[in-house]
Every structure is written in C-alpha cells, then in structure tokens.
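Biologist: Please show me the chain, and let me ask how each label was reached.

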Amino acid sequence: MVARIAEASNLLSEKLGRLPTHDEVAEVLDVHISTVRLVSQRSRPPISLDQPLSDRGHMTLQEIIRGSDETTPENMVKKQLIKQEVEELLKTLDKREEHILRLHFGIDGEPPRSYEEIARQLKLSRERIRQINCTALSKLRRTSVADDLELYVV
C-alpha cells in the first residue's frame with residue numbers, strides 16, 4: 001500500500017505540478033481517504049533527536065522536548081537515595097511500629113491504609129494504631145537519620 005500510494009502521489013505531482021492532497025490520491029487508488037492518511041503518517045522516516053534544528057544554531061530536538069521530571073537520571077538517583085534513607089530510618093523502630101508505618105503510608109508500593117483498616121488487619125483498636133503511629137513518628141524525628149532526609153527537601 002505504501003508503494004502504491006507513493007507511485008500515485010508521484011504521478012499526480014507530475015500531472016498537477018504540485019503535491020496532491022490525500023483526497024486526490026485516495027480517488028486515484030479507489031481507497032478510503034483515512035487509509036491514505038494513515039499510511040502517509042506511518043511511512044514518514046524517523047527524525048533523529050540529535051539532529052540540529054537549524055543551520056545557524058546548535059540546538060537539537062532533544063533539548064527542546066522534555067520528558068517527565070521523574071525520568072531524569074538525577075531524579076531517579078535522588079528517589080533511590082531517599083528510599084534507602086527511609087528504609088534505614090524504619091529499621092530504627094521496632095517491628096510493629098515499622099509495620100504500621102509501612103501500611104499507613106503505603107511504603108512498600110501498597111496503597112496507603114487508614115487507621116481503621118490497619119486496626120482490623122492487626123486486630124487492635126483504631127485508637128491504639130493511631131497511638132503507635134504517633135509514637136513511631138516522634139521516635140523518627142529524634143533520630144540522626146531523619147536529619148539526612150532534610151537534604152532532599154527542596
């Protein structure tokens with residue numbers, strides 16, 4: 001189909017003295033216009049992101065098109081370092097406190113849970129879970145590892 005469209009487009013270009021429209025190519029080939037559009041869009045050659053945009057400047061497409069901030073190498077490393085610091089911080093707590101904080105804040109990739117949900121899971125009262133959570137957070141604030149996390153806050 002790509003070859004047929006290219007051939008028809010070349011013939012029409014010579015005949016008309018200009019580039020033909022998708023409608024004209026579709027009419028010559030007796031196909032639907034959407035087919036011509038789709039094939040034309042998909043058959044374009046790829047463009048290098050490192051190719052200069054103009055003869056005068058040195059700016060490339062890579063410099064203009066930005067990805068999400070999370071995918072930059074700096075942010076990926078920063079995220080990994082924060083994760084390591086948080087893990088080290090949680091190790092300073094006893095197992096139950098650590099487990100409750102992990103559940104409440106969704107640290108292991110799970111969705112964050114309410115005190116009520118944690119209480120049902122651990123067969124404790126909601127108030128007791130809240131107290132353990134508060135105690136654990138106050139312990140974390142007093143550790144020297146918590147000071148290291150302040151470096152990442154902007």
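Modeller: The accessible surface of the chain comes to about 11,800 Å², and 54% of that belongs to carbon and sulfur atoms. Such areas come from the Shrake-Rupley method with a 1.4 Å probe, and for residues only the protein chains shown count as cover. This is a predicted model, in which local features need pLDDT of at least 70 and side-chain atom pairs count only at pLDDT 80 or more, while totals for chains, interfaces and linings use all residues. Residues are numbered from 1 along each chain as its sequence is written, and side-chain values use heavy atoms, with hydrogens and water left out.

Biologist: How many helices and strands does the chain have?

Modeller: There are nine helices and zero strands. Helices are DSSP runs of H or I with at least four residues, strands are runs of E with at least two, and both are numbered from the N terminus.

Biologist: Why is histidine 104 called buried?

Modeller: Buried means under 20% relative accessible area, exposed means over 50%, and partly exposed lies in between (1.4 Å probe, protein chains only). Histidine 104 has 18%, so it is buried. This residue is in helix α6. Buried residues make up 23% of the 154 residues in the chain.

Biologist: What is histidine 104 in contact with, leaving aside its neighbours within four places in sequence?

Modeller: Contact means heavy atoms within 4.5 Å. By that rule histidine 104 is in contact with Pro112, Arg113, Tyr115, Ile118 and Asn133. Its side chain also reaches the backbone oxygen of arginine 113 at 3.1 Å.

Biologist: Which residues does threonine 92 contact, leaving aside its neighbours within four places in sequence?

Modeller: Those are Leu140 and Thr143. Leucine 140 is 48 residues apart from threonine 92 along the chain, yet their C-alpha atoms are separated by 7.8 Å. The side chain of threonine 92 also reaches the backbone oxygen of leucine 89, at 2.5 Å.

Biologist: Why is isoleucine 64 called partly exposed?

Modeller: Its relative accessible area is 46%, again between the cut-offs, so it is partly exposed. Isoleucine 64 belongs to helix α4 (residues 61-64).

Key
Polar contact = N/O pair within 3.5 Å; in protein donor to acceptor, adjacent residues only side chain to side chain.
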